[in-house]
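Please look through the sequence and the model below before reading on. The paragraphs that follow go through single residues, then helices, and then a pocket.

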Amino acid sequence: MTESAKKNRVPEDVMMDILIALPIKSILRFRCLSKSWNSLITDKDFINAYLAQAKPLLLLRRWQDRQELYSLHLDNESLDTSLQFQNLPFRSEAGCFDIIGSCNGVVCLSDIDHQGRTKSLILWNPTIRKHLYLPLPKLCGPHSATWGFGFDLSSDDYRVVRVVRQVSSKREFPMEFQVFSLKRRRWERINYSPTLGPFCVAPEACKNSGYCNQVAFNGILHWLVYREENDNRRHSFVLSFDLSNDKFGEIMLPECLARVDIFWMVISELDDSLAALFYRRDAKSVDVWFMREYGVRNSWDRLYRIQVDGFTRAMVFRKNGEILMTKHGSDEVVSCNPRTQASRNFGNLGLRRCDHAEYFVQSLSLLNESNGIVPRGKKKKQKGNVKLNSRSLGEEQVMEPGGGAGS
């Protein structure tokens, strides 16, 4: 490089500031300009820097006639459409994917048939059209399961968690906890505290479906579960799993909710803590509870009771304090102010049968991955008498996807 070229060269930190301000579509095109540009854009520091400044949008999913459509919307007064994702590069064998969750612009999808069998497990970044088919853990016999998905900042790793309970009329099976690490490319069984005891991960009405009543924030996954007690009554609680140390915990619900069937409750995140929504069948209303001090049972407080005549499902707490809901008997999306009980109807937003909404950021996550099936990682050999807290699953199977693998 000549001296004049060196003088005219834009410093890398300045170049990063310029690129970060651009839309992702433009950034991906710049990868083709030169090796140095491609190296900068695919660098982990640049990917993290772009993620840090990304503005949250609302991701909505519609499902109709065995077709799924996803769209991004601005979190403004009219929920303006920002981007639509059509012609998905994969298709559900069961008719519709279950959305396990999303983080850092990556959505985790599971395809579960009517017998409760998982057909495929996918990580998908719709912004950059990147998708990965993950290997599936093998578990024989009837079982009920729930899933979780999150990102562990300490290990820079995406992880999928499955909580499983095998079902048998002859004997009691222990709970099983399985964790997939994208970095290690394998599933592992995780030990958990026996003091938690056995519990159920799905209500009877959903035991053979992809039931997933969970929320993730601050690197901790949360599920709404229950256990059968000696008096034949159910005790509902929140099971937590810290991705940074593989520790499970139990978070108690307020007494009035602990006896409620989890089928009538939903947990969510509100102001970096837990919220629980209880659908009252008799009064046609929803009680909104909030845990003011995370992990402290006595800090649960009922914030609102919302009259929901015509509403069926709360999907997400919005930044402005409203709750985005779907309307019963129609395709309409409604934003409800729980303080005033006032609501704004957005119609169908071009999305018939909208059944899911959550906050989402556009990112470059998974940029350095290749579309297709993730190969299984090899188990490392242990030397000497090394005691492990977890063990790799001995049997895994990679399911060939039912749909195409193009992006």
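Leu79 is found in the loop between β2 (67–73) and β3 (81–85), where helices (H or I, at least four residues) and strands (E, at least two) are DSSP runs, numbered from the N terminus. The model is a predicted one, in which local features need pLDDT of at least 70 and side-chain atom pairs count only at pLDDT 80 or more, while totals for chains, interfaces and linings use all residues. Residues are numbered from 1 along each chain as its sequence is written, and side-chain values use heavy atoms, with hydrogens and water left out. Leu79 has a phi near 50°, which is a positive value in a residue other than glycine. With a relative accessibility of 2%, Leu79 counts as buried; here buried means under 20% relative accessible area, exposed means over 50%, and partly exposed lies in between, as computed with a 1.4 Å probe on protein chains only.

Asp272 also shows a positive phi, of about 60°, although it is not a glycine. This residue lies in the loop between β17 (265–270) and β18 (273–280), and with a relative accessible area of 48% Asp272 is partly exposed.

What is the secondary structure of the chain as a whole? It comes to 6 helices and 28 strands, and 50% of the 407 residues count as buried. Taking contact to mean heavy atoms within 4.5 Å, residues 24 or more positions apart account for 53% of the contacts in the chain with a separation of 6 or more.

Several individual residues illustrate pairs that are separated in sequence. Pro338 lies in the loop between β23 (333–336) and β24 (343–345), and at 3% relative accessibility Pro338 counts as buried. Once its neighbours within four places in sequence are left aside, Pro338 is in contact with Tyr304, Ile306, Gly321, Glu322 and Ile323. The C-alpha atom of Pro338 is also separated by 8.7 Å from that of Leu303, a residue 35 places apart from it along the chain.

His235 has its place in strand β15 (residues 234–242) and is buried, with a relative accessible area of 9%. Not counting residues up to four places away in sequence, His235 touches Val225, Tyr226, Arg227, Glu229, Glu250, Met252, Ala258 and Arg259. For His235 and Arg259, which are 24 residues apart along the chain, the C-alpha atoms are separated by 5.4 Å.

Next come the helices. Which residues of α2 (12–20) are buried? They are Met15, Met16, Leu19 and Ile20. Seen down the axis of α2, these buried residues fall within an arc of 130°, so they line one face of the helix; the arc is that of the directions from the helix axis to the C-beta atoms. The buried residues of α2 pack against α3, α4 and α5.

In α5 (44–53), the buried residues are Phe46, Ile47, Tyr50 and Leu51. Because they cover an arc of only 135° around the axis, they sit on the same side of α5. On the other side of α5, Asp45 and Ala52 are exposed. The buried residues of α5 pack against α2, α3 and α4 (35–41).

The helix α5 is also one of the elements that give two or more residues to the lining of the second largest pocket, together with α3 (24–30) and β3. A pocket is here, on a 1 Å grid over the protein atoms alone, an open set of points where a 1.4 Å probe fits, with protein on both sides within 12 Å along at least five of seven lines, and lining residues have an atom within 4 Å of a point. About 790 Å³ of space lies in this second largest pocket, the volume being the space filled by probe spheres set on the points, which are joined across faces, edges and corners. Of its 29 lining residues, the closest to the centre are Ile24, Lys25, Leu83, Thr127 and Gln362. The lining draws at least three residues from each of domain 1 (1–53) and domain 2 (54–360), with bounds that come from an automatic or database domain assignment.
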